[in-house]
Amino acid sequence: MNQTETALWWARTRAAGPQRIPPGGPAPAGMLRLPEPDGSGAWLLPVFPDSASAAVLDELGLPGHVLEHPNDSARVLAACVRCCWADPAGPLWPGVAAAWEQVAAAFGAIVHREEAVSHRALLAGVRRLARSGWLLWDEGAPMIRLGPRVAAWNAAQLSTLRELYRSMPPVGGDAARTPA
Amino acid sequence: MSEPVDAMLDDLTTEAAVLRVYRQAFAVLARESGAMILDVDLIDVDEAILEAFAEAGSDGMTAAEVVVACHRFDPRVVERRLGVLRDYRAVSKLVDRPNEQHYRAAFAPYIMVLFLRRLAERGGQSELHQLLTLEQLNVSHQDAAESDGQASVNRLTKVFRLLANELTSLVQRGAAEALRENAQLLWGNRPLIVQAEEVHGIVLQRWPALGPQCAALRISLAAYGDAIEAAAGRLIEQAGATRALGFLPAETWISFARRSDTGTLAAVLDTFVFDAPAPWLSPQALAEAVESARPSGGPRFRPPRSDDGPDLAGPDLVPADDTAELRAAAEQLLGERSSVTVAELLDEAGDWPTGRRLVGQMIAIHHHPDLGFELRWGNGLRIDAESFPSWVSAGRFERLTGASR
């Protein structure tokens, strides 16, 4: 893996989000290699030092690039974290796959909206998040997984997330979970 | 003369602009309408013919020699052009006799060609500058007379009026494209106006009698300035917020998009790299979003208002019915008597806590509308410092006669 190839991989991830590579694929410098639990492949995720990550924008009070409907998107992601985080004591990635109904219930518990409205917001949020690599979801698929991007959260951010996890009501149907 | 089939649009517009200047310049020379040159290349032919004559020297050339000298061009075109030049006496017979085959060229047509070339390249601005400089020299010359000044001012007035008129009509009626093609009228206008004002100043200072003519010049200068402002405003408005006057008009883009194939369209983006930063969501943002979605507390009630009264008026405000109570108290105070003094009652009470209750009762009974008793205070005071009460006003508590309604 020479410098040019590394640069190309960085450009690819920068332009198109985390890249899925076959098992045994390249491991460019500065990138996290996130193997799929079933070994069918791996994700390349660029890892920035804390002094260069998106969190710096927050600290400086500068607007970062946000999704449309940032609040609903964040709530959808929170619902998915609640459903897909297998063990809050451990790492977030790879998590487990959660059924759509489960996520819908978790989201409904957050927003307290009418079911049709809530469903519409959930679907839109899942689509946005899946497109930007925060969730793994194929259009119409029954199961949702966390995307490789969540592995970029550092330890301090994970502890914030743990508190959020605990503060959210438990979602029924834990038995329905299947290892991804 | 090859048809400009492969010519690009830019070349065509440039040629059109050059040709327009030539036609404008030749308009004063044309003998009849339709006799104007219609192709910019003919000027090149003219130039080549005149160059050939210059090379030929004083012996002149025959028509055939001219055609040979101008072998770069189509012989027929050269011959035709030569005929036109001959008609206009730009080329004439060396000796004026019937069978003379040799021709000579006048130098004026070549000067004209040179002048036109400059005019086409610079849009006539530099000529106008030189004209203004010359006018300034003329009017500044110590031998210049008032008539020179007047003529100078009149010429300038006409030049600027024509400029302003052309611009104004373009702004008001012309298409924006036409305005853009004629943008040379807008170039370097400030120095022109300043120069003209200098001439105007010199003339007005030397010959104050030319005031009216100078006023006309000032007006035409102001009109030119206004026309420039209007034209610039129109161009900027047409360019939109980008202020990019060099942009192609929207129609060109649309026709490009309609007529191009996929490859051509894709080629437009060949040099672009799409590098949008990925959206970032922090756990903090997640927590805040979840928190903000929580409903706050139970249902909320509005605070009470002053006009909420009717509900509270019910049992609380019914007058207390203490008639019986007070009547019993009065009977107890009076006993068998029909009248008793306050002093007697207080003496019976013995101490002030009891006494003041008795006084309170008597006042309440007195004021009760349904009871036939009365407390009447009179003049006089009983004072006995040693005993209780130490002083008492004279007063009687009595049963009203014919009372007990």
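User: Let's begin with P369(B). Is it buried or exposed, and why?
Analyst: Keep in mind that this is a predicted model. P369(B) counts as exposed because it has 6 other C-beta atoms within 10 Å, and a residue with 12 or fewer falls in that class.

User: Where does P369(B) sit in chain B?
Analyst: P369(B) is in a loop of chain B, between helix 16 (352-367) and strand 4 (373-383). Its C-alpha atom is 9.3 Å from that of T323(B), a residue 46 positions away along the chain.

User: What does chain B look like overall, in helices and strands?
Analyst: Chain B has 16 helices and five strands. Of its 405 residues, 18% count as buried.

User: Now chain A. Which strands make up the sheet with the order 1-3-2?
Analyst: That one is an open sheet of three strands in chain A, in the order 1-3-2, and the pairing is antiparallel. Strand 1 and strand 2 are at the edges with a single partner strand each, so each has one side without a neighbour in the sheet. From one strand to the next, the twist averages 30 degrees.

User: How many bridges hold strand 3 of chain A to strand 1 and strand 2?
Analyst: Strand 1 (residues 19-21) of chain A is joined to strand 3 by three bridges, with Q19(A) partnered by L44(A). Strand 2 (residues 31-35) of chain A pairs with strand 3 over five bridges. In that pairing, L34(A) is opposite W43(A), and P35(A) has A42(A) as its bridge partner.

User: What's in the turn between strand 2 and strand 3 of chain A?
Analyst: That hairpin has six residues between the strands, and G39(A) there takes a positive phi near 75 degrees.

User: Why is strand 3 of chain A largely enclosed?
Analyst: Five of the five residues in strand 3 (residues 42-46) of chain A are buried, so the rest of the structure largely encloses it. Side chains in a regular strand alternate between the two faces of the sheet. Here A42(A), L44(A) and P46(A) are buried on one side, and W43(A) and L45(A) are buried on the other.

User: What lies across that sheet?
Analyst: Helix 1 (residues 3-16) of chain A lies across strand 1, strand 2 and strand 3, and runs at about 90 degrees to strand 3 of chain A.

User: Moving along chain A, which strands pair with strand 6?
Analyst: Strand 4 (residues 98-99) of chain A pairs with strand 6 (residues 143-146) in the antiparallel sense, over two bridges. A98(A) stands opposite I144(A) there. Strand 5 (residues 135-136) of chain A is also antiparallel to strand 6, again over two bridges, with L136(A) opposite R145(A). In the hairpin of strand 5 and strand 6, G140(A) has a positive phi near 85 degrees.

User: Last topic: the largest nonpolar core. Which residues touch the most other members?
Analyst: L77(A), A78(A) and C80(A) do, in a core of 46 residues. Several elements each supply at least two residues, among them strand 3, helix 3 (70-84) and helix 6 (155-167) of chain A, plus helix 13 (283-293) of chain B. Helix 3 of chain A gives the most, nine residues.

User: Why does this core lie between domain 1 and domain 2 of chain A?
Analyst: Domain 1 (3-49) and domain 2 (70-168) of chain A both give residues to the core, so it lies between them.

User: What is C80(A) in contact with, leaving aside neighbours within four places?
Analyst: C80(A) is in contact with A98(A), V103(A), L135(A), I144(A) and L146(A). There is another core apart from the largest one, with 24 residues, including L128(B), L156(B), L163(B) and A164(B).

Definitions and conventions:
Residues numbered from 1 in each chain as written. Chains lettered and ligands numbered in written order. Predicted model: local features only at pLDDT ≥ 70, side-chain atom pairs only at ≥ 80, totals over all residues. Helix = DSSP H or I, 4+ residues; strand = E, 2+ residues; numbered from the N terminus. Buried ≥ 20, exposed ≤ 12 C-beta atoms within 10 Å, placed from the backbone. Pairing = 2+ DSSP bridges. Axes fitted to C-alpha atoms, helices over the stretch in contact; angles between N-to-C directions. Contact = placed C-beta atoms within 7 Å. Core = buried A, V, L, I, M, F, W, Y, C linked by C-beta atoms within 7 Å. Domains from an automatic or database assignment.
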